[in-house]
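What follows is what I noted, in the order I looked.

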Amino acid sequence: MEQTTLLKKRQPITSKSVLNFLSSNAIIILIVLLAIGVGIFTENFFSIRNLKNLVINVSPRFIIACGVSGCLITKGTDLSAGRMVGLSACLAALMLQRVDYASRMLPWLPDIPVVGGLLAVLVICAIFGIINGCVIAFLKVPPFIATLGMQTIVYGLCSVITKNQPMGGYKEGYTKLATGEIPLPFGEDYSIPYLALFALAVGIFMWFLYNKTRHGKYMYAIGGNESAAEVAGVNVAATLIRIYMLATILYALGGFLLGAKAGGASTATGFGYELEAIAACTIGGVSTNGGVGKISGVLIGVLVFETLKICLQFLRVDPAYTFIVQGLVIIVAVALDLRKYLAKK
């Protein structure tokens, strides 16, 4: 009896289902095939060093994309993500430069511990997220416009506090967050970057939040039908504020780690990261039409997008053309997402 029920539930594999699968995952399949081809025809692509480089690049971007994912699931977006990343990196730079650094931006500032700098950055950026959420929830400003305005405000503030000067001279404890590794007993090349541990912790936390908490249920309900969610008793305004506040906290953490990884920061830090995050989320199945998305999908999307960049580097494609390819991927990803949404209707 149970076997019969299982057989009935299983959908037969047809040419139509295969075609739908291929079209829904076209970008992922094409980039995986590209990576295989590049690996066959170029040296050191499938090396431990390149894999580690991929992990290091993916980790902060995954954290940032997790923040964007909540906004997309509720039919919103956050165009201020990249500038929030830059603000976070610049704030960290102001607070965590060495005391004996000759070009220290704030020479009067006492020696601040790394944890203290991180907490300060998270709190400051969270305030901007609360403002975003309030503007969207109470003033009913579309998320696109609200976060676009915040993007410009944050960039202006960042320019003021840094005087448009690049910053460096960080404390060793700060840079080690990004450059440090945990060695594995398999040889010198085998180790786990600290950045991967941060990304893993964020991924586990976000998975739990999305799948096992009331906040996650409310988030998906708002993305599915905001009016119905409100009628059902969901506090839409409070949920949206929490989503945008959490998003900016994750941008702050991502920017903090990116600053440590780069060893410096400027107003250009984080430029365009919001588009990369949106593209990665969309590639990974987070619908821009709301109500759909998984943290595992976000990770896949970020991995695919970063793999594309590394493939282009190994193929020695001019960086200018790399931006063109990334832009095309963003357009195609959103178009395929819209196609799936229309097909369901």
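**Charged pairs**

I began with E306, which forms a salt bridge with R61, the closest N and O atoms being 3.1 Å apart; a salt bridge here is a side-chain nitrogen of Lys or Arg within 4 Å of a carboxyl oxygen of Asp or Glu. E306 lies in helix α14 (residues 295–314) and R61 in helix α4 (residues 48–73), so this pair ties together parts that are 245 residues apart in sequence. I noted that helices (H or I, at least four residues) and strands (E, at least two) are DSSP runs, numbered from the N terminus.

The model is a predicted one, in which local features need pLDDT of at least 70 and side-chain atom pairs count only at pLDDT 80 or more, while totals for chains, interfaces and linings use all residues. Residues are numbered from 1 along each chain as its sequence is written, and side-chain values use heavy atoms, with hydrogens and water left out.

I then looked up burial, where buried means under 20% relative accessible area, exposed over 50%, and partly exposed in between (1.4 Å probe, protein chains only). Both E306 and R61 are buried.

E306 also pairs with K309, again by a salt bridge, with the closest N and O atoms 3.1 Å apart. These two residues both lie in helix α14, three residues apart, about one turn of the helix. K309 counts as buried at 11% relative accessibility, and E306 does at 3%. Salt bridges that share partners join R61, E276, E306 and K309 into one network.

**Pockets**

I turned next to pockets, found on a 1 Å grid over the protein atoms alone: a pocket is an open set of points where a 1.4 Å probe fits, with protein on both sides within 12 Å along at least five of seven lines, and lining residues have an atom within 4 Å of a point.

Of the 31 residues lining the largest pocket, F271, E276, K309, F323 and Q326 lie nearest its centre. α15 (319–344) gives the most to this lining, with six residues.

The second largest pocket has a volume of about 270 Å³, and among its 13 lining residues F62, A196, A199, L200 and L299 lie nearest the centre. The largest share of this second lining, five residues, comes from α9.

Terms used: Grid points are joined across faces, edges and corners, and a volume is the space filled by probe spheres set on the points.
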